Amino acid sequence: MIDERMEEQAALHVLGVLSDTEAYEFKKAMKADPELQACVARLSVATGALAGSVPIAEPPLRLRAKILAQVAPVQKTISLPERKSGFSLWLPWSLTTGLALLCVLFFAQDSRLRQTISEQEKQINNLNSLAQSLSAATNNLQQTVLALQETNQIGNLRIAMLNSMLTDLPKAVAVGLWDKDQQRGVFVVQNLRPLPADRDYQLWVIDPKYPTPVSAGVFQVDVQGNVRIQFKTDKLIESANRFAVTEEPKGGLPTPTLKNLVLIGG
Amino acid sequence: MSLCAQTVFVRALPIFDARPAGNFLFLTKPVNELEAQDRDTELLRLIAGGDRLAFAEFYDRHSTLMFSVAAKILNDAGEAEDVLQETFVQIWEKAAKFDPKLGKAASWAAILARNRAIDRIRASQRRSRLAEAAGAAHAIAAEVSESANETLYGHDKAKFVHSAIVELPEEQRQAIELAYFSGLTQDEISKKLNTPLGTIKARIRRGLLKLRDQLEGVL
């Protein structure tokens, strides 16, 4: 049974206001006491909620790339062979001139070796930079591969990347895949804002055969703003030129409300 | 990279899991807190093993919360960016230290960002400014249009959490907010509120317990 004092210490611990000494003692006590651990876990629900109750502030997009680049695998450094501290340690000055010349030759080789290593290091740096710059492209590629994985059919697939039309949600992104043969598709969304219960996102397929976009149904996103749906349309789609997502009243509308355009792409 | 190798690669990404579908109309992923917690724990395990994709996903899930906390404490977006960067490097290096028995990953990440922000304030000796700021206005406004909790729990739950906090007795809420957001020590809070230290500790304890009781089962 945890006494009131320990409960108090636990509360101060989860708020991060124990002094260094108190924190040390508390952590020691916690390590040996599963009940105290459970108490901390339960209180951290409250501090987590407290932290999240501040007004929302989105970090700038460039920061993500910067941070990801910072945790790139540590570049291996090539250690250079240790240099001798002086000729006298290993080369008695009484050695012949021939040996001295040999030494000069070694120094020349050492210099060339250093130059080679330096060039290789530069190449490694360049490759690392290239790998980082390709990471975004790789993400897109992953999505494409998923599409192939989902349908197991490469032909007759229409793959479209949709970008955000919302200035306050620039990270929102989606990929639409349409299988013309099967007349069905897969739609993957990330980073959209969850909607209130009386609103839905509505997916549209734009086919030049029809004067207005064809509804592909409504959907909601999870709390992270993500969702993966499979969809069909009421009308036969001959050419899924573009996809769009609008925000509509619950259940959707027969035609899109263009001022509520959220994502579009093709 | 071969197509086959790429296929194996993408299977590690949860959002792209290829579950068999019973029908083809609007199958949305269910919101499941437990699932989210498990995912966070798994991500931190992968990060501890040096998985950059897992790190990127963890960033996407929690950077808004962490940045919001840092921005609130520092009241400076530029410094909050520095704090977010430092905290994520810390997560990259110390992910193995996360213990799911001691709470949710989101709370853990938030407190890491909070501690970094407070350290920064202390290092730059701006405590007086911060204390004034914390005293002048509560960290959590009575009315807030959108809180960082929305990114974690959705609109309705975030609203519920906000209500639970603002409905705490004033003296408990004040002590808790000063403790979490101001960087003041227990003694300094006691002096600032002109209240004995023991009373401050008791208020913090009672307030947090009350909040915990309200939120348990909801979050």
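Author: Welcome! Axes here are lines fitted to C-alpha atoms, for helices over the stretch in contact, and angles run from 0 to 180 degrees between N-to-C directions. Helices (H or I, at least four residues) and strands (E, at least two) are DSSP runs, numbered from the N terminus. This is a predicted model, where local features need pLDDT of at least 70, side-chain atom pairs count only at pLDDT 80 or more, and totals for chains, interfaces and linings use all residues. Residues are numbered from 1 along each chain as its sequence is written, while chains are lettered from A and ligands numbered from 1 in the order in which they are written.

Reader: At what angle do the axes of helix α8 and helix α11 of chain B cross?

Author: Two packed helices are described by the angle between their axes and the distance between the axes. In chain B, helix α8 (residues 155-166) and helix α11 (residues 197-215) have axes that come within 10 Å and cross at roughly 150°. α8(B) is therefore roughly antiparallel to α11(B) (angles over 145 degrees count as roughly antiparallel).

Reader: Which residues of α8(B) and α11(B) make the contact?

Author: Two residues are in contact if their C-beta atoms, placed from the backbone, lie within 7 Å. B:Val161, B:Ala164 and B:Ile165 come from α8(B), and B:Leu211, B:Gln214 and B:Leu215 from α11(B).

Reader: Is A:His13 buried or exposed?

Author: A residue is buried if 20 or more other C-beta atoms lie within 10 Å of its own, and exposed if 12 or fewer. A:His13 has 24 C-beta neighbours inside 10 Å, so A:His13 counts as buried. This residue lies in helix α1 of chain A.

Reader: And how many residues of chain A are in contact with chain B?

Author: There are 61 residues of chain A in contact with 75 residues of chain B. α3(A) gives the most to that side of chain A, with 13 residues.

Terms used: Angles under 35 degrees count as roughly parallel, over 145 as roughly antiparallel, 65 to 115 as roughly perpendicular and the rest as oblique.
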